[in-house]
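Trainee: I would like to learn how to read the features of a model like this one. Please give the general idea each time, then the case at hand.

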Amino acid sequence: MISEKISKSLNEQLNREFYSGYIYLGMSAFASKLGFNGCAKWFNMQYQEEMVHAMKLFKYLEDQGSDIELKDIKAPKIKAKTIVEAFEDSLKHEQMMTEALNELSDMTMKEKDHATYNLLQWYVTEQVEEEASFKEIIDNMKMVGDNGFGLYTLDKELGTRVFDINSMK
Ligand code: FEO
């Protein structure tokens, strides 16, 4: 059993994870429109990962006998004009997610809620990986600049990403 405060906060995080998925689906459509089909696939894989993040929380709330509150998912606003901006905006979003998860983690520490704290450490570690992969892509894109062949190669490479649910357990 978890406190009402923690349960409410986890429900908010659940919504944020679904929203993250929605953002990346939007980014996927944006990349595809620009002709970056590899990037579109990469964002689509990211969307699927976010669904796993959300469902992990969903299952936890279920296991704890907490109320699951499915809220409206905000429509994502894709402000990026270029493919590199799409990754930069995504990184900013992930940094916001990291902050939210750290705050949640602090809350569980204060409440001595060990089970939820333990669950959240998986997310905290996942955030380090997520931020690092966005940073790496941004760095690579900046390195190739507007070199067509470089962008083509990078796009092809990003298109090889596969979604492996087993790596997320
Ligand atoms: Fe589930 Fe990318 O944060």
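**Salt bridges, helix faces and pockets**

Mentor: A search of the whole structure finds five salt bridges, a salt bridge being a side-chain nitrogen of Lys or Arg within 4 Å of a carboxyl oxygen of Asp or Glu. This is a predicted model, in which local features need pLDDT of at least 70, side-chain atom pairs count only at pLDDT 80 or more, and totals for chains, interfaces and linings use all residues. Residues are numbered from 1 along each chain as its sequence is written, and side-chain values use heavy atoms, with hydrogens and water left out.

Trainee: Which residue forms a salt bridge with Arg161?

Mentor: The partner is Glu49, and the closest N and O atoms are 3.1 Å apart. This pair links distant parts of the chain: Arg161 is in the segment after α5 (148–158), Glu49 is in helix α2 (residues 37–63), and 112 residues separate them. Helices here are DSSP runs (H or I, at least four residues), as strands are (E, at least two), numbered from the N terminus.

Trainee: Are Arg161 and Glu49 buried or exposed?

Mentor: The classes rest on relative accessible area: buried is under 20%, exposed is over 50%, and partly exposed is in between (1.4 Å probe, protein chains only). Arg161 has 16% and is buried; Glu49, at 15%, is buried as well.

Trainee: Which residue forms a salt bridge with Glu131?

Mentor: Glu131 pairs with Lys135, with 3.9 Å between the closest N and O atoms. Both are in helix α4 (residues 114–144), four residues apart, so about one helical turn separates them. Glu131 is buried at 13% relative accessibility, whereas Lys135 is partly exposed at 39%.

Trainee: Why do the buried residues of α5 line one face of the helix?

Mentor: The buried residues in α5 are Gly150, Leu151, Leu154, Asp155 and Leu158. Seen down the axis of α5, they fall within an arc of 130°, so they line one face; the arc is that of the directions from the helix axis to the C-beta atoms. On the other side of α5, Gly148, Phe149 and Lys156 are exposed. The buried residues pack against α2, α3 and α4, where contact means heavy atoms within 4.5 Å.

Trainee: What does Gln13 touch?

Mentor: Gln13 is found in helix α1 and is buried, with a relative accessible area of 0%. Not counting residues up to four places away in sequence, Gln13 touches Leu57, Met97, Ala100, Leu101 and Leu104.

Trainee: And which residues are in contact with Ser105?

Mentor: Leaving aside neighbours within four places in sequence, Ser105 is in contact with Tyr117, Leu120 and Gln121. Ser105 is in helix α3 and is buried at 6% relative accessibility.

Trainee: What is the phi of Lys112?

Mentor: Phi of Lys112 is near 55°, a positive value in a residue other than glycine. Lys112 sits in the loop between α3 and α4 and is exposed, with a relative accessible area of 66%.

Trainee: How is a pocket defined, and which residues line the largest pocket?

Mentor: On a 1 Å grid over the protein atoms alone, a pocket is an open set of points where a 1.4 Å probe fits, with protein on both sides within 12 Å along at least five of seven lines; lining residues have an atom within 4 Å of a point. Grid points are joined across faces, edges and corners, and the volume is the space filled by probe spheres set on the points. The largest pocket holds about 260 Å³ of space. Its lining consists of Tyr19, Ile23, Met27, Pro76, Lys77, Ile78, Lys79, Ala80, Asp89, Ser90, Lys92 and His93. The largest share of that lining, four residues, comes from α3.

Trainee: What is the volume of the second largest pocket?

Mentor: The second largest pocket has a volume of about 190 Å³. Among the residues lining it are Met1, Ser7, Asn11 and Glu69.
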